[in-house]
Amino acid sequence: AEIDFWKAKSNHLNSIQQQLQGEKIKKVLKVLDLTKSTYCSPFNRLCKEVAGACNEANDNVKYLAALEGPLKAMSSCAEFPNLSERFRPVVHMIMLVWKHSKHYNTPARLVVLMREICNDLIEQARKFVCSEELFELDASEAVDRLMLTLKVCGTFKSVYFDYKSRANNEVPNNPWRIQNTALFPRLDAFLERCHDLLDLCKTVVQFQKLEKIEVGGNKGRTLSACVFQIYSDFVSVLDSFKSVG
């Protein structure tokens with residue numbers, strides 16, 4: 001999305017720049033200048049602004065093109081557990097863009113790009129822990145899936161923090177001084193939801209053990225009935241939870 005945005009912006013600005021440098025506009029400017037028109041100065045300033053924006057867009061397209069391969073490799077990864085291997089090339093390339101680009105090296109640009117990558121990661125994680133499938137699985141398998149999701153998403157954040165330290169050392173005049181809350185708000189909210197589901201699934205695993213418990217002794221039958229009632233009440237509440245849209 002980011003690469004497509006800058007390609008479109010570059011095309012539009014190059015087209016405007018080409019028109020502004022055409023013979024017709026030069027004649028208009030010449031007439032404005034000869035007649036001492038008040039429009040002359042603002043128009044010249046506008047031309048300079050267009051030229052500056054055009055240079056920025058072209059430069060960003062050139063450097064972001066290097067990210068296209070690693071980003072496609074990440075978004076097209078078929079196996080979610082293997083996604084962790086794709087993070088380092090992406091973030092490494094982002095650091096190189098930050099290091100060498102003349103314009104794509106500001107906190108605002110990095111925040112947008114990282115959020116977009118987080119959105120892609122969340123989308124792939126949601127497919128892996130699809131809520132409709134999650135409660136159809138055996139509870140222990142659901143626990144494994146959620147733990148793997150938390151691990152993969154946590155790996156992405158760890159890779160970012162590794163490269164943040166590298167960027168601070170290699171580009172001391174322009175370090176990655178960005179609040180984590182600005183970069184990962186949606187990813188952190190998703191991970192928090194996964195933790196909630198993980199707690200629930202672990203509870204399901206524990207309560208499933210109550211289904212076949214038999215208590216011995218004089219009061220065994222009564223206690224066994226109490227345990228089974230606790231299990232039945234839990235299953236009823238869990239079914240209500242599953243039916244929520």
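**Helices and pockets in a predicted model**

In this predicted model, helices α3 and α5 run roughly parallel to each other, because the angle between them is under 35 degrees. The angle itself is about 20°. The two axes lie 13 Å apart. Two packed helices are described by just these quantities, the angle between their axes and the distance between the axes. The crossing has a hand as well: α3 passes α5 in a right-handed crossing.

Which residues make this contact? From α3 come E56, N60, L67, L71, M74 and S75. They meet R109, L113, I117, D120, L121 and Q124 of α5. Sorted by class, the residues of this contact are 6 nonpolar, 3 polar and 3 charged.

Helix α3 also packs against α2, which covers residues 23-34. Here the axes cross at roughly 145° and come within 9 Å. On the α2 side, the contact uses I25, L29, L32 and D33. On the α3 side, C40, F43 and N44 take part. This contact divides into 5 nonpolar residues, 1 polar and 1 charged.

Rolling a probe the size of a water molecule over the atoms shows where empty space is left.

Start with the second largest pocket. Its volume is about 320 Å³. Its lining consists of A1, E2, I3, D4, E68, L71, K72, S75, L113, E116, I117 and D120. Which elements give two or more residues to that lining? They are α1 (2-20), α3 (40-75) and α5 (107-128).

The largest pocket has a volume of about 650 Å³. Its lining is made of 19 residues. Which of them lie nearest the centre? They are V129, S131, F135, R193 and L197. Three helices each supply at least two lining residues: α6 (131-134), α9 (185-208) and α10 (220-242). Of the elements, α9 gives the most, with 7 residues. The classes in this lining are 10 nonpolar, 2 polar and 7 charged.

Finish at the largest pocket, where α9 gives the most to the lining.

Notes: Residues are numbered from 1 along each chain as its sequence is written. This is a predicted model: local features need pLDDT of at least 70, side-chain atom pairs count only at pLDDT 80 or more; totals for chains, interfaces and linings use all residues. Side-chain values use heavy atoms; hydrogens and water are left out. On a 1 Å grid over the protein atoms alone, a cavity is a set of points where a 1.4 Å probe fits but cannot get out, and a pocket is an open set with protein on both sides within 12 Å along at least five of seven lines; lining residues have an atom within 4 Å of a point. Grid points are joined across faces, edges and corners, and a volume is the space filled by probe spheres set on the points. Helices (H or I, at least four residues) and strands (E, at least two) are DSSP runs, numbered from the N terminus. Ala, Val, Leu, Ile, Met, Phe, Trp, Tyr, Cys and Pro count as nonpolar, Asp, Glu, Lys and Arg as charged, and the others, Gly among them, as polar. Axes are lines fitted to C-alpha atoms, for helices over the stretch in contact, and angles run from 0 to 180 degrees between N-to-C directions. Angles under 35 degrees count as roughly parallel, over 145 as roughly antiparallel, 65 to 115 as roughly perpendicular and the rest as oblique. A crossing is left-handed if the near helix is turned anticlockwise from the far one by less than a right angle, and right-handed if clockwise. Contact means heavy atoms within 4.5 Å.
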